[in-house]
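Thanks for passing this one along.

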Amino acid sequence: MQKLTRETLHELRDSLVNEIKIRQAGGKIAYVIVGMGECGLQKGAKEVFAAISEKINALGLRGSVAVIQADMEGFWDRAPVVEVILEGQKPVKYGQVTPETAQKIIESHIINKKTVTEYILDVAAAKENHV
């Protein structure tokens with residue numbers, strides 16, 4: 001095993017700084033919460049989380065959008081579930097999200113501020129937020 005030096009630790013920190021930024025919660029324009037409970041994981045939540053993270057990176061939003069894992073109970077039949085929280089809007093939960101759907105949600109809801117109605121679990125919040 002290689003001995004860790006101060007320089008090696010600094011290099012490691014610098015290489016992971018973007019990964020750390022995406023998971024920090026304060027001062028963000030949006031929060032994306034992926035249901036990573038047992039049902040979510042069985043139905044592909046890990047792949048959805050990865051797709052969301054990749055899309056956020058590709059759009060250059062890593063420090064502005066937090067991607068968070070959580071256990072979303074009560075939605076086992078609609079897993080994987082993704083919740084989007086934008087400043088000034090009610091949270092919106094999306095169900096049966098695939099990696100492709102996740103990327104569509106990021107583009108439409110976070111970038112264009114328009115909900116993707118066909119995947120919404122909470123229709124009342126969707127109508128209120130739809131521009």
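**Notes on the fold and the β3 strand**

1. The protein chain has five helices and four strands, where helices (H or I, at least four residues) and strands (E, at least two) are DSSP runs numbered from the N terminus. Their order along the sequence is α-β-α-α-β-β-β-α-α.

2. A word on the basis: this is a predicted model, in which local features need pLDDT of at least 70 and side-chain atom pairs count only at pLDDT 80 or more, while totals for chains, interfaces and linings use all residues. Residues are numbered from 1 along each chain as its sequence is written, and side-chain values use heavy atoms, with hydrogens and water left out.

3. Of the 131 residues in the protein chain, 38% are buried (under 20% relative accessible area, 1.4 Å probe, protein chains only). Taking contacts (heavy atoms within 4.5 Å) between residues at least 6 apart in sequence, 62% join residues at least 24 apart.

4. Now to strand β3 (residues 82-86): four of its five residues are buried, so β3 is largely enclosed by the rest of the structure.

5. Which strands pair with β3? Pairing here requires at least two DSSP bridges between two strands. Strand β1 (residues 30-35) runs antiparallel to β3, joined by five bridges, and Val 32 stands opposite Val 84 in β3. Strand β4 (residues 92-94) also pairs with β3 in the antiparallel sense, over three bridges; there Glu 83 stands opposite Lys 93.

Methods
Buried means under 20% relative accessible area, exposed over 50%, partly exposed in between (1.4 Å probe, protein chains only).
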